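Please look through the structure shown here with the following explanation at hand. The paragraphs take up aromatic rings, nonpolar cores and pockets in turn.

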Amino acid sequence: DTGVSQDPRHKITKRGQNVTFRCDPISEHNRLYWYRQTLGQGPEFLTYFQNEAQLEKSRLLSDRFSAERPKGSFSTLEIQRTEQGDSAMYLCASSSLARGTEAFFGQGTRLTVV
Amino acid sequence: KQEVTQIPAALSVPEGENLVLNCSFTDSAIYNLQWFRQDPGKGLTSLLLIQSSQREQTSGRLNASLDKSSGRSTLYIAASQPGDSATYLCAEEGGSNYKLTFGKGTLLTVNP
């Protein structure tokens, strides 16, 4: 296992289009997180899955955002009707189920909305 | 609301210098604190994880400490090298939830 994998690495889209990102966590990890990072800021929490259950969503996750983790394996994050303000790095992380364990991040997907 | 603050926002040092990066947090029920490194345009690389019951962790030239009572953590880098140049982020896992709350990071530049 080579770690958390995200696809694509870069995405340029026109305003109003829909985009979908994929995250493959470390295989034995039950917990999966999505974060968003804008320039000069730390990552901000978007949502969290424990296995296939989405247990927490940030208020940052508007109705245009949806995340899934079917079968508790990979996860997808979809943004509908993209806006220029959605331009950011979208980061995925995974960790094991036990509290207080190390979180491992992917390389991120850089989204640019033009 | 959990808040994490990192000082300084940027730091420039000559090669070989020892340095300390600071992180403060407001969550008194912190579960653990993790330090990350981020290179430009890249994801986060985990450096050190300190459980709330621990005082410090060491990995190579890196040493991280945790003081829950004062709400502070430090990352000590010994004998800095140009390859250490990156943004260093600290994040705490709160006692009441599973998410990480990040600071804005410290941009470190080590000059040859």
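**Rings, cores and pockets**

A:Phe105 is buried, at a relative accessible area of 8%, where buried means under 20% relative accessible area, exposed over 50% and partly exposed in between, with a 1.4 Å probe and protein chains only. This is a predicted model, in which local features need pLDDT of at least 70 and side-chain atom pairs count only at pLDDT 80 or more, while totals for chains, interfaces and linings use all residues. Residues are numbered from 1 along each chain as its sequence is written, chains are lettered from A in the order in which they are written, and side-chain values use heavy atoms, with hydrogens and water left out.

A pair of aromatic rings is described by the distance of the centres and the angle of the planes. Rings of Phe, Tyr and Trp (its six-membered ring) pair if their centres lie within 6.5 Å; planes under 30 degrees apart count as stacked, over 60 as edge-to-face and the rest as tilted. By this rule there are 10 aromatic pairs over all chains. B:Phe36 is buried, with a relative accessible area of 0%. B:Phe36 also forms a tilted pair with B:Phe102, at 5.6 Å centre to centre and 40° between the planes. B:Phe36 lies in strand S4 of chain B and B:Phe102 in strand S10 of chain B, so this pair ties together parts 66 residues apart in sequence. B:Phe102 counts as buried too, at 9% relative accessibility. Ring pairs link these three residues into a cluster whose members also include A:Tyr33, A:Tyr48 and B:Tyr98.

The next topic is the nonpolar cores. A nonpolar core is a set of buried Ala, Val, Leu, Ile, Met, Phe, Trp, Tyr and Cys residues joined through side-chain atoms within 4.5 Å. The largest has 21 residues, and B:Leu33, B:Trp35 and B:Tyr88 are among those with the most contacts inside it. Strands of chain B that each supply at least two residues of this core include S4 (32–38), S8 (72–77) and S9 (86–93). S3(B) gives the most to this core, with four residues. B:Tyr88 touches residues including B:Phe36, B:Leu75 and B:Leu108, not counting residues up to four places away in sequence; contact means heavy atoms within 4.5 Å. A second, separate core of 19 residues includes A:Val4, A:Leu61, A:Leu77 and A:Val113.

Last come the pockets. On a 1 Å grid over the protein atoms alone, a pocket is an open set of points where a 1.4 Å probe fits, with protein on both sides within 12 Å along at least five of seven lines; lining residues have an atom within 4 Å of a point. The largest pocket has a volume of about 750 Å³, the volume being the space filled by probe spheres set on the points. Of its 23 lining residues, A:Glu44, B:Lys1, B:Gln2, B:Thr101 and B:Phe102 lie nearest its centre. The second largest pocket has a volume of about 390 Å³. Among its 19 lining residues, A:Gln37, A:Leu39, A:Gly40, B:Gln38 and B:Thr87 are the closest to its centre.
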